[in-house]
Number of protein chains: 2
Amino acid sequence: MRAATVREQEIVIEEHPDPVAGNGEVLVRVRAAGLNGGDMMQRRGLYPAPPGAPADIPGMELAGEVAALGPGAARFAPGDRVMAVVGGGGQAELAVVHERVLMPVPPPLDWPAAGGTPEVFTTAHDALFTQASLRPGERLLVHGGAGGVGTAAIQLARAAGAYATATVRNEQLREQVGELGADVLAPDGFAEHGPFDVVLELVGAPNLAANLDALAPSGRIVVIGVSAGAKGELNLLALMGKRARISGSTLRARPLEQKALAARLVEHEVLPLIEGGQLSVPIAETFALEDAAAAYERFAAGGKLGKIVLTI
Amino acid sequence: MRAATVREQEIVIEEHPDPVAGNGEVLVRVRAAGLNGGDMMQRRGLYPAPPGAPADIPGMELAGEVAALGPGAARFAPGDRVMAVVGGGGQAELAVVHERVLMPVPPPLDWPAAGGTPEVFTTAHDALFTQASLRPGERLLVHGGAGGVGTAAIQLARAAGAYATATVRNEQLREQVGELGADVLAPDGFAEHGPFDVVLELVGAPNLAANLDALAPSGRIVVIGVSAGAKGELNLLALMGKRARISGSTLRARPLEQKALAARLVEHEVLPLIEGGQLSVPIAETFALEDAAAAYERFAAGGKLGKIVLTI
């Protein structure tokens with residue numbers, strides 16, 4: 001099979017042996033695979049794939065058709081349309097995925113939309129509801145509202161009866177982010193627009209002190225991206241005074257059972273809303289697998305709304 | 001009534017008007033009142049009493065007899081032995097407390113033990129179980145194991161089937177803390193003894209980075225004391241990598257309904273263990289109300305195991 005491959009911090013297309021589905025696993029003929037911030041880091045050698053994932057084939061999400069079932073796999077049948085968050089290896093013609101982390105593709109989604117759906121909606125749902133316990137009527141602040149996870153979080157919050165505010169650095173994208181249902185701000189001085197019950201941090205440490213200032217009593221900050229910096233000063237007395245909570249997370253490093261649980265929650269609580277047309281993933285641009293290197297450059301350049309997806 | 005009173009950062013004994021129980025409140029003839037770190041801060045003008053509590057009478061916990069009932073108060077009868085965490089005003093002959101935050105005094109406790117029980121066990125129970133969701137079989141690290149909250153937390157963790165490790169700066173106190181059921185360490189290099197599922201931080205920011213190093217995946221740090229410093233550098237990438245959570249809290253600033261809920265949880269989950277003799281509060285020393293200033297000096301000097309209590 002052909003696959004995007006990391007070679008000396010560049011993306012090239014190489015031939016690899018076809019993977020084989022083991023116990024409980026499914027071989028997927030990949031049709032689309034979204035790019036994510038983690039792929040950029042892996043290309044630079046900063047975010048190695050976890051054990052069990054291909055070391056040199058990037059790709060943390062995929063959508064495609066079931067090509068073959070490993071021993072004991074029974075949730076899906078050959079030809080079924082499936083999608084998943086994976087530890088790596090998504091940007092290839094074939095990928096092996098444990099059946100417990102696969103989700104069905106809702107009928108309205110074409111392949112590019114399906115390839116860009118699992119990572120952003122699983123990440124946003126896990127952060128907002130599993131970690132931050134966002135409730136109806138609460139106020140959410142999303143830093144980095146124009147990215148894939150940001151656009152998913154705004155829509156999920158609105159669908160759950162919460163209010164969404166988003167900071168967006170790129171002026172050109174603010175109107176589109178607003179159309180997703182958020183009040184949109186420039187990043188500077190955002191704390192004046194609080195208090196917020198939940199802050200979803202996709203930008204990093206530079207916001208840490210102002211996030212605490214902007215937080216309501218019993219507020220929660222969830223950090224899932226640190227592209228602008230990882231280290232910042234934390235005032236523990238302010239944390240105590242707000243009775244606040246800061247959590248950090250990644251999906252990638254979790255054990256199988258936790259990934260499977262996150263997938264079940266998305267199936268149960270998110271896919272019906274996608275099927276009903278209430279939620280969607282904005283697709284900024286698609287690239288053929290052969291043009292994966294160009295897709296990475298486009299992702300790294302920023303300034304887009306929504307996802308960059310490879311079609312395979 | 002006579003009461004410990006803050007005057008120009010000193011503790012003096014002054015006459016005050018007797019308080020009167022309002023709707024749902026109880027007038028308590030105070031018999032004992034434990035000292036806490038918050039009293040030291042309030043004496044220095046750094047931790048003002050919340051609205052509704054006497055501004056100049058310190059004391060965040062008390063035990064005594066019900067002297068009179070306000071309109072509608074029905075949970076207790078005159079003469080009942082009661083105890084509570086209060087927003088202030090505990091170090092006085094009389095105090096008014098809402099009946100929903102009062103707890104009965106378990107029969108084995110004499111007045112000094114009862115006066116030193118509510119704050120430490122409510123704080124420790126709330127931090128370990130309500131905030132950190134400590135589970136049987138998990139490993140707890142307590143920084144500041146010789147203080148009142150530390151000794152309560154060690155005993156609660158052991159009673160709940162968790163393992164307790166405590167750092168204790170004062171060498172002379174380590175053996176006694178060990179007898180409560182903890183492995184006891186000097187503070188330096190504690191991170192080598194991890195991983196810990198939960199860290200209870202009673203010392204402050206200097207431990208922040210090493211706490212994260214010492215944390216197990218999905219670990220929780222709860223900060224409820226910052227005597228050694230409030231500001232420290234937080235590495236958000238490390239937080240994400242551990243899928244960790246840092247929360248801060250104080251009991252004092254919470255609304256009545258949250259304080260009442262915390263009291264109900266202590267009644268249900270802690271008092272039976274005190275009644276059964278499995279948990280107790282070490283009392284370091286008692287002082288008469290007239291000697292409150294000396295009691296504060298003793299507290300501030302440190303180096304004690306357990307509580308300093310005023311008998312009134």
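**Pairing inside chain A.** I started with Val142(A), which stands opposite Leu200(A) in S11(A). The strands here are S8 (residues 139-143) and S11 (residues 196-201) of chain A, and they pair in the parallel sense over four bridges. For my own reference, two strands pair if DSSP finds at least two bridges between them. Helices (H or I, at least four residues) and strands (E, at least two) are DSSP runs, numbered from the N terminus.

**Ground rules.** I am working on a predicted model, where local features need pLDDT of at least 70 and side-chain atom pairs count only at pLDDT 80 or more, while totals for chains, interfaces and linings use all residues. Residues are numbered from 1 along each chain as its sequence is written, chains are lettered from A and ligands numbered from 1 in the order in which they are written, and side-chain values use heavy atoms, with hydrogens and water left out.

**The sheet.** Next I traced the sheet that holds these strands. It is open, has twelve strands with mixed pairing, and runs S10(A)-S9(A)-S8(A)-S11(A)-S12(A)-S14(A)-S14(B)-S12(B)-S11(B)-S8(B)-S9(B)-S10(B). At the edges I find strand S10 (182-185) of chain A and strand S10 (182-185) of chain B, each pairing on one side only. On average, neighbouring strands are turned by 15° against each other, direction ignored; the axes are lines fitted to C-alpha atoms, for helices over the stretch in contact, with angles from 0 to 180 degrees between N-to-C directions.

**The chain A/chain B contact.** How many residues does each chain put into the contact? Chain A gives 30 residues and chain B gives 30 residues, contact meaning heavy atoms within 4.5 Å. I noted a buried area of about 2500 Å² between the two chains, with 66% of it from carbon and sulfur atoms. That area is the accessible area (1.4 Å probe) that two parts lose on being put together, summed over both. Leu236(A), Met240(A) and Arg243(A) supply 27% of what chain A buries against chain B, more than any other three residues.

**Met240(A).** I then zoomed in on Met240(A), which lies in helix H7 (residues 236-242) of chain A. Its relative accessible area is 7%, so I log Met240(A) as buried; the cut-offs are under 20% for buried, over 50% for exposed, and partly exposed in between (1.4 Å probe, protein chains only). Leaving out residues up to four places away in sequence, Met240(A) touches Val223(B), Ile224(B), Gly225(B), Val226(B), Gly248(B), Ser249(B) and Thr250(B).

In chain A, H4 (residues 148-159) has twelve residues and reaches 17 Å from first C-alpha to last, close to the 16 Å expected at 1.5 Å a residue. The expected span is 1.5 Å times one less than the number of residues. Ten of the twelve residues of H4(A) are buried, among them Val149(A), Ile154(A) and Leu156(A). I looked at H4(B) too: ten of its twelve residues are buried, so it is largely enclosed by the rest of the structure. After H4(A) comes Gly161(A), with a positive phi near 85°, and just after H4(B), Gly161(B) takes a positive phi of about 85°.

**Asp126(A).** Is Asp126(A) buried or exposed? Buried, with a relative accessible area of 6%. Asp126(A) sits in helix H3 (residues 118-131) of chain A, and its side chain makes a polar contact with the side chain of Arg254(A) at 2.7 Å. By polar contact I mean a pair of N or O atoms within 3.5 Å; within protein, one must be able to donate a hydrogen and the other to accept it, and residues adjacent in sequence count only if both atoms are side-chain atoms. Beyond its neighbours within four places in sequence, Asp126(A) is in contact with Gln131(A), Ser249(A), Leu251(A) and Arg254(A).

Pro195(A) lies in the loop between S10 and S11 of chain A. Gln9(B), not a glycine, has a positive phi near 65° and sits in the loop between strand S1 (2-7) and strand S2 (10-15) of chain B. Arg243(B) is no glycine either, yet its phi is positive, about 50°.
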